[in-house]
Amino acid sequence: MKRNIILGLFLLVIIFAEIISAGGVGISPVYYKEFFEPNLEKNFTFNAFNTKAEEGVNIYVKGDLADYVTLSNAYFLGGGEFIVTIKLPTKIEKPGTHEIIIGAIEAKSEIEGATLGGIAAIQGRIDILVPYPGKYSESTFTINNINEGESATYEIETENLGSQYLDIKTTIEVYKNNMSEKVLTKKLKEINLKPKEIFSVIETIDTRNLPPGDYQALAIIDWGQIDKINQTFRIGEFLVEIIDYDYQFEENKINEFNIEIQNKWNTKIDKIFATVSITDEGRFLNSFKTVSVDTAPWETKNLTSYFDTTGLETKRYTANIVLNYGEEISSKLIAIYINESPKERYAKYIIIATIIALSIIATFIYLILKIIKLRKNAKKK
Amino acid sequence: MKLDNTEIISYISIAVIIISLFFIGAEITGYAVTENETAIVNVTISTSAALEFTTALLDFGSGYVNAGQAGATINSDGTVTDGTWAVQNGELVLDNIGNINLSLTLSTNKTVADFIDGLNPTFKAKVSDTAGNTGACTGTQTFSSYAEVNQTLQTACGKLAFGGDFDEIDINFELYIPNDAEGAKTIGIIAIGTTL
């Protein structure tokens with residue numbers, strides 16, 4: 001009997017495990033880039049895997065150049081390395097970037113054991129860049145969030161995708177207040193790019209004296225035509241701010257007290273908690289502490305604690321919320337309200353409504369009786 | 001005093017050694033001399049894109065449309081209308097377990113008609129950040145509320161972030177089952193992550 005129970009429990013665990021049933025795929029590396037050359041033949045190596053070694057992975061190719069691509073393997077059990085061979089034609093008419101998608105998908109023929117199931121697939125790329133006739137360039141620009149007192153790191157990549165040499169002049173401008181106020185300008189050294197050449201720079205711009213807040217960075221790349229790329233970034237301060245909180249509570253009950261906070265720093269801040277003190281016209285009544293939470297950079301999170309209103313009157317009180325994080329504290333003084341419980345409120349409404357109804361009925365009966373009496377008197381006369 | 005060639009060479013050699021030592025800065029102390037040495041190690045971490053369904057199956061069980069109703073609506077948020085299916089609170093959970101941000105599309109491996117059958121069935125999906133993963137799914141979000149999901153690729157997240165607490169999403173589903181639908185069917189939800 002005992003053995004049957006244990007076997008039953010074991011089977012139950014397997015069934016629940018099957019329902020949860022994780023599954024996934026991956027591919028590495030995810031990206032190659034190649035400039036077009038007539039009749040180019042080249043091999044690219046990828047690795048694909050299923051997160052479950054006993055399951056299969058199917059490999060596929062998509063894109064407008066898929067016909068010029070062959071795979072060394074189209075299926076793996078568990079995972080493995082495969083070669084993608086491209087044999088490009090003599091000419092590709094359309095200039096620009098042509099994406100060859102290399103995909104790996106879980107090899108599942110049917111979903112079993114449930115109504116619906118997830119099938120994961122992942123796609124890497126081989127970009128074939130066909131030069132534009134004449135002058136042409138494309139750029140990318142990124143800039144990082146930072147903390148107050150730091151210099152912001154940016155990355156610019158400019159590619160000459162045309163058939164002529166280009167002189168590139170790049171300027172970075174930093175604005176605040178939605179591009180209405182320029183606060184910084186940096187001019188990069190002028191460079192000369194030959195066809196197919198890529199210029200890539202990772203540098204910093206001196207933002208050390210800028211105050212915390214949201215900023216816009218504009219990269220202006222002049223290669224004969226002007227490209228403008230806009231990015232936003234934030235300068236954080238070591239501050240955790242209270243952005244919302246509960247302020248209405250029910251009498252004679254243990255209420256949840258939620259405080260929504262935001263990490264304004266570009267680094268994680270751990271072990272944040274709040275202490276809440278309740279007072280009534282300066283007289284201390286109660287205090288309680290929330291659980292502590294960890295926050296990622298810029299993350300908004302909820303602190304929860306419990307406020308027991310047993311024995312407190314239904315009226316307005318004052319609460320002081322003190323946030324503790326690192327060696328810093330910040331606080332907020334708020335008004336909170338303890339209200340009647342819904343049951344009591346409804347009971348009062350019912351009593352009042354009953355009294356009004358009875359009054360109306362009594363008045364109505366009185367009037368009816370009065371009319372009857374008047375008619376009787378009138379008949380007697 | 002006359003020096004022979006051997007002595008001259010010896011004296012010159014000693015002078016060269018002393019001058020060299022002076023410039024090199026070696027000290028003869030009788031103790032072992034150690035200095036902090038630094039070397040630069042370059043490590044290149046290959047980008048790797050990977051997606052995993054940490055919860056890959058969702059079962060609504062069996063049931064039927066209530067008598068007199070044109071169809072029943074059930075979803076994995078715990079709603080059952082006009083049907084006898086048990087309330088289902090669950091979802092598929094998808095995790096970006098690689099080291100690169102991805103764009104994410106959702107589609108199905110069969111048509112809604114092949115899945116649910118009957119007159120005008122519908123099948124919808126809703127994508128949200130898993131609790132504690134605020135900001136995982138950003139950009140274009142076709143499924144921010146329940147929207148039809150079918151064999152056409154539709155963007156679920158313009159960017160599905162990677163790493164730490166921002167890389168997981170929940171996918172809920174809603175079905176409208178007409179009263180003339182029959183049989184037990186299954187459907188696959190294909191989630192494709194593409195490198196940005």
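Which residue of β1(B) is the bridge partner of A:Gly24? In the predicted model examined here, that partner is B:Glu52, and the bridge belongs to a pairing in which β1(A) and strand β1 of chain B, residues 49-55, run antiparallel and are joined by 5 bridges.

The contact between the two chains draws on 33 residues of chain A and 35 residues of chain B. On the side of chain A that touches chain B, at least two residues each are supplied by α1 (2-20), β1 (23-28) and β9 (116-130), and the largest share, 10 residues, is contributed by β9(A). When the residues of this side of chain A are sorted by class, 16 are nonpolar, 13 are polar and 4 are charged.

The largest nonpolar core comprises 69 residues, and the residues with the most contacts inside it are A:Val25, A:Ala48, A:Ala104, A:Ala121, A:Ile122 and B:Ala191. Again β9(A) provides the largest share, in this case 7 residues of the core. For A:Ile122, once neighbours within four places in sequence are set aside, the contacts in chain A are A:Val25, A:Gly26, A:Ile27, A:Gly103 and A:Ala104, while those in chain B are B:Ala49, B:Ala50, B:Leu51 and B:Gly193.

Considered as a whole, chain B contains 2 helices and 12 strands, arranged along the sequence in the pattern α-β-β-β-β-β-β-α-β-β-β-β-β-β. Of the 196 residues in chain B, 34% are buried. Among the contacts in chain B with a separation of 6 or more, 71% are accounted for by residues 24 or more positions apart.

Key: Residues numbered from 1 in each chain as written. Chains lettered and ligands numbered in written order. Predicted model: local features only at pLDDT ≥ 70, side-chain atom pairs only at ≥ 80, totals over all residues. Contact = placed C-beta atoms within 7 Å. Helix = DSSP H or I, 4+ residues; strand = E, 2+ residues; numbered from the N terminus. Nonpolar A, V, L, I, M, F, W, Y, C, P; charged D, E, K, R; others polar. Pairing = 2+ DSSP bridges. Core = buried A, V, L, I, M, F, W, Y, C linked by C-beta atoms within 7 Å. Buried ≥ 20, exposed ≤ 12 C-beta atoms within 10 Å, placed from the backbone.
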